[in-house]
Amino acid sequence: MALIKDGKQVSDQWLTADADTPVQPDIPTIVPFARFIAERDSLLRSQAEIGVKLSPGDDVAALAGDLDRLKVIAVDFPAFTDGRAYSYARLLRQRYGYRGEIRATGNVLRDQYLFMLRAGIDAFEVTDKTQISSWIDALEEFSHYYQKASDAAQPVWAKRHTTVAAAE
Amino acid sequence: MYRYDEFDATLVRERVSQFRGQVARRVAGELTEDEFKPLRLMNGLYLQIHAYMLRVAIPYGTFDARQMRKLAHIARVYDKGYGHFTTRQNIQFNWIKLDETPDILDELADVEMHAIQTSGNCIRNTTADPYAGAAVDEVEDPRAWAEIIRQWSSFHPEFSFLPRKFKIAVTGATHDRAAVRVHDIGLIAKKNEAGEIGFEVMVGGGQGRTPMIAKTIRDFVPRDHLLSYLEAVLRVYNMLGRRDNKYKARIKILVHEVGVEEIRSLVEAEWEAMQKETSVDLPTAERDRIASYFSAPAFEVLADTDRGFEARRFEDRDFAAWVRSNVKPHRQTGYAIVDISLKPTGGIPGDITADQMDTVADIADAFAVGSEIRATYQQNLVLPHVKLSDLPAVYDRLKAAELATGNIGLAGDIIACPGLDYCNLANARSIPIAQRISERFADLNRQFDIGPLEIKISGCINACGHHHVGHIGILGVDRKGEEHYQLTLGGRADEAAAIGRITGPGFSYDGIIDAVETVVETYLAIRANPEERFIDTLDRVGQDPFKERLYGAKAA
Amino acid sequence: MAAKALKANRLSDGEAVWLSRTGIWETRVTLARVEEDADGIAALEDAARTATADCIVVDAELIDMEIRDGAPVPSKLKERIRALGPTVRLDLGKQAEPESRLGKVA
Ligand code: SF4
């Protein structure tokens, strides 16, 4: 697995734990949502940095109170056609004000890269054979967006009227 | 009608380039078919029985002569000289090559057209009243809102991988010509007591395996909050819609399983929260900019009748009959709405040759205000604004192109999906059934005597041929390798929308034609008077008299 | 065991094709390689996997075949329509090509 962030491949400091992998004090660890809910107090008390992995169907709202303690939230795409994580990412960014890393895991492909970025996902766990250059190309594919999302891009409807105003 | 500005034009062009790249990566083996298929579907490209099929959007059914000529050109150069208008106000080309598709899309972009989101599990082309801007009973022109929805839903970053496809329909008239109650979301524009415009929002209608009529979740959403309300519905659906079973993934199943009250409160809560956090709704300036494209054209001030038109109607029975069925009153004095039937007797419903497309374009240029053309979900075309004085000339030209069949709304105006002749999912053929019924009722006098009658045929349970909402519905099934047809009665897609009920055991490929005729003959024998429509007789007497005639006394 | 052939659509243009005895994807069903025993059918399945992986064809599938008047014919109506063309447009599809050797559908 490789991790892409800010258009570059970066090294991944995080360990992804399953339901019963022991959490070590000095290893930043991403735990599944259900485990986080069950062991919340002890996990947050531990010395380790904690992240949570959301799978489709998990209740993103249940994390709302703990977001300032979570450095990473992984949103999983078991298949790229399961689009629930787009809503989770938008809720995390726009409703709950989450500022940490939102990381796409699972079936993460370049053809959905722009959608993910716009939804508020900023890190991408991809297979090693992925060509990072082709991901960068994907960013160039569109120069405008019709709607406001979680990113900073100005939607077309705003650009239209600033253009007109500037021209006048 | 709407015209692209630099932003729209750039986006459509960029989508073509993106797709060109995706096709190249597919052909080079960098994408598997599993990865590529959702991408090509999101651009309207299917693989059917004989070849690829490209579904081109006619956004909310509105286009013009220039665009029609481009469709004719595509039919000639890239296909086999014809196209097929569908029940979703789109056009399909049946013999498309994958490696030529990017070039076709570039040609479409030249005339502000595209195939974006005409398939896939995303928000599809919005259906709208084909008489918009012309109908007498219109409260608000739905086209501006359909265009606003088109822009909002195009390449939506959150809603491009929904549990299943999502279809929105909008009407602004009292008579529903957009079948809004059988869409995932149906919108009806209306005025509140303060005279403000807003929308009644209906959710969870649909056809397919589990047909349902949409239910109202809000009586009035102020128009300037329509997009945020839609975004709230879509988010609830995206998060909660079932993904474990393709046949239970539409929003209608969610509404059914969770209950309309629960959906309403989820949507309302989402809507309320959303309004604080982001700007989904358009600023007034942008709304007005889009609406300005749909303001009424410069109609001439004309008398409410025209001598040449009246004289022709008096002298020419065929013309008079065509006017009676295919010409509708217009809100502007001295103008009319002209329906162009794509249902010649024995023909393929919705099919039109490249030459006929050019003819329609020429007629639109010569006689239709703004060269405007509309596509209807009944697979016909409309010239929305024609002067009464031009009707004889329009008729003559249509007739010369075999486009003047005077059967709109009658027994010959049959909706039929492509069925097993083209479609990979089909169980049985639809088109030849339509052809033979149309031939059986070829006599237009007989059709007039029968009166309004909607016959709708699907080749499988996906119901693209709207059989559930046909007065007479026919569904093709596969029975031990044989084509077999179920008959339903009493469906309707208008403001009194209802799902038809199956009469009983199905019929063979030949038997179904006789069965339809039996139903019609039964109606003629028992109707209270010649003014009582088929659907009203059925409402009054129920299915029993029909079943008795179809299956014998015992079955009823 | 029922006789089987291998149908697919060509990736580049979607044309309906059948695997022939010489291993070429032919555009006429009459040239299809028809197999009746387990080994033969397994060979067809192998060919389907290879041609799919090589991006030559898509939707490769085994279809039931029967022999009519000495020529292999698909058993199912859908596959006969694929082999000929739309029954409502006899001027289109493979049936419109002069060398078509299949009988009328349905
Ligand atoms: S109803 Fe079935 S057969 Fe007809 S077009 Fe739709 S999917 Fe194909």
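In what order do the elements of chain A run from the N terminus on? They go β-β-β-β-α-α-β-β-α-β-α-β-α-α, that is, six helices and eight strands. Helices here are DSSP runs of H or I with at least four residues, strands are runs of E with at least two, and both are numbered from the N terminus.

Before going on, the conventions. This is a predicted model, in which local features need pLDDT of at least 70 and side-chain atom pairs count only at pLDDT 80 or more, while totals for chains, interfaces and linings use all residues. Residues are numbered from 1 along each chain as its sequence is written, chains are lettered from A and ligands numbered from 1 in the order in which they are written, and side-chain values use heavy atoms, with hydrogens and water left out.

Back to chain A. The C-alpha trace spans about 60 × 35 × 25 Å along its principal axes. Of the 168 residues in chain A, 52% are buried; buried means under 20% relative accessible area, exposed over 50%, and partly exposed in between, with a 1.4 Å probe and protein chains only. Taking contacts in chain A between residues at least 6 apart in sequence, 50% join residues at least 24 apart, where contact means heavy atoms within 4.5 Å.

Next, the interfaces. Two pairs of chains touch, and the pair with the most contacts is A and B. Chains A and C do not touch, and their nearest C-alpha atoms are 18 Å apart.

Between A and B, 33 residues of chain A meet 45 residues of chain B. The size of an interface is often given as the accessible area lost when the parts come together. Here the buried area is about 3700 Å², with 58% from carbon and sulfur atoms; this is the accessible area (1.4 Å probe) that two parts lose on being put together, summed over both.

How many salt bridges are there between chain A and chain B? The count is nine, a salt bridge being a side-chain nitrogen of Lys or Arg within 4 Å of a carboxyl oxygen of Asp or Glu. One of them joins A:Arg90 to B:Glu231, with the closest N and O atoms 2.7 Å apart.

On the chain A side, α3 (84-95), α4 (113-119) and α6 (156-167) each supply at least two residues to the face that touches chain B. Helix α3(A) gives the most, with eight residues. By class, that face has twelve nonpolar, ten polar and eleven charged residues. Ala, Val, Leu, Ile, Met, Phe, Trp, Tyr, Cys and Pro count as nonpolar, Asp, Glu, Lys and Arg as charged, and the others, Gly among them, as polar.

Now B against C. Chain B contributes 27 residues and chain C 23. The area buried between them is about 2100 Å², of which carbon and sulfur atoms give 62%. B:Leu47, B:Ile49 and B:His50 supply 23% of the area that chain B buries against chain C, more than any other three residues. The salt-bridge count between B and C is zero, and eight residue pairs are in polar contact, both residues at pLDDT 80 or more. In chain B, α1 (6-27), β5 (90-96) and α14 (431-440) each supply at least two residues to the side that touches chain C. Helix α14(B) gives the most, with three. The residues on that side divide into 14 nonpolar, five polar and eight charged.

Within chain B, helix α4 (residues 101-110) is mostly covered, with seven of its ten residues buried. Those buried residues pack against α1, β1 (45-47), β2 (52-57), α3 (65-78) and β5 of chain B. Just after α4(B), B:Glu112 takes a positive phi of about 60°.

Last, the ligand. By class, its shell has eight nonpolar, four polar and no charged residues. The residues around the ligand include B:Cys417, B:Cys423, B:Ala426, B:Cys460 and B:Cys464; a residue is near a molecule if one of its heavy atoms lies within 4 Å of it.

Is B:Ala426 buried or exposed? B:Ala426 is buried, with a relative accessible area of 9%. B:Ala426 sits in the loop between β16 (415-416) and α14 of chain B. Leaving aside neighbours within four places in sequence, B:Ala426 is in contact with B:Gly419, B:Leu420, B:Gly459 and B:Cys460.

Key
A polar contact is a pair of N or O atoms within 3.5 Å; within protein, one must be able to donate a hydrogen and the other to accept it, and residues adjacent in sequence count only if both atoms are side-chain atoms.
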